[in-house]
Amino acid sequence: MAFENETKKLQDALISCKVPDINKAVEEAHNAGMPAEEIINTLGAAMSDVGVLFERGKLFLPHVLSAAAGMKNAMTALDDELKAGAGSSQAKGAVVMATVEGDVHDIGKSICSTMLQCAGFEVHDLGRDVPLKDIVAECKNGCNFCGMSALMTTTMTGMKTVIDDLEKAEIRKDVVVMIGGAPVTQGYADKIGADVYGESASETTKKASAIAAD
């Protein structure tokens, strides 16, 4: 296939989790004429592999963060070309991502934001300890996906509050609510009426992409 060599180098570099190697592979692929969107899609697929290796204990958090940093560098470097092609490649959806109010753990959420962006979503990452009203406001501003993360049982209740507030604002039916985090389960997602539970960033991205494709 076209750019087979470049694809292999990009995959190997991303899975190596070494930022300089990722930067070099991206530059070489771009210089070889590989389209920016194809480069990002290749890195996104490799990032899913990194997520799986992390979940299996084969890679550790610093590795995942380095891989994510390398991906972000690639997206910055290719930003102009990616935007130029946006007219022919509509975003799959607009996603607001946030770690809920009272919770400052945002590593998993940040990785998920990166993977969603690489999968073709427009991502509005509000960060950590985000007031619940701000999450709802972002949905009102046109985000049709809402991703929330919590690492503590005391803060995960905020997810239900957001869903209730979306109902009150009469926009709940227009927003796909995705939740995740260490204490969060499929059972809790079902209980509060969330649309998607993601055990990992890669799982959440796959489920969101499947919904967007329907």
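Biologist: In this predicted model, which helix holds Ile 107?
Modeller: The model is predicted. Helix H6 covers residues 107–118. Ile 107 is found in H6.

Biologist: Is Ile 107 buried, partly exposed or exposed?
Modeller: Buried needs under 20% relative accessible area, and exposed needs over 50%. Ile 107 has a relative accessible area of 34%. Therefore Ile 107 counts as partly exposed.

Biologist: What accessible area does the nonpolar surface patch with Ile 107 have?
Modeller: Ile 107 forms this patch with Phe 54, Leu 61 and Leu 65. The patch is on the surface. Together the four residues have about 290 Å².

Biologist: How many residues of strand E3 are buried?
Modeller: E3 spans residues 145–149. The rest of the structure largely encloses E3, because the buried residues number five of the five.

Biologist: Which E3 residues point the opposite way from Phe 145, Gly 147 and Ser 149?
Modeller: In a regular strand, side chains alternate between the two faces of the sheet. Phe 145, Gly 147 and Ser 149 point one way from E3. Pointing the other way, and also buried, are Cys 146 and Met 148.

Biologist: Which residue of E3 stands opposite Met 97?
Modeller: Strand E1, residues 94–99, runs parallel to E3. Five bridges join E1 and E3. Opposite Met 97 stands Gly 147.

Biologist: Which residue of E4 stands opposite Phe 145?
Modeller: E4 covers residues 176–180 and pairs with E3 in the parallel sense. This pairing has five bridges. Opposite Phe 145 is Val 176.

Note on methods
Residues are numbered from 1 along each chain as its sequence is written. This is a predicted model: local features need pLDDT of at least 70, side-chain atom pairs count only at pLDDT 80 or more; totals for chains, interfaces and linings use all residues. Side-chain values use heavy atoms; hydrogens and water are left out. Patches are made of residues with over 30% relative accessible area and no salt bridge: like charges are joined within 9 Å, nonpolar side chains (Val, Leu, Ile, Met, Phe, Trp, Tyr) within 5 Å. Accessible areas come from the Shrake-Rupley method with a 1.4 Å probe; for residues, only the protein chains shown count as cover. A salt bridge is a side-chain nitrogen of Lys or Arg within 4 Å of a carboxyl oxygen of Asp or Glu. Helices (H or I, at least four residues) and strands (E, at least two) are DSSP runs, numbered from the N terminus. Buried means under 20% relative accessible area, exposed over 50%, partly exposed in between (1.4 Å probe, protein chains only). Two strands pair if DSSP finds at least two bridges between them.
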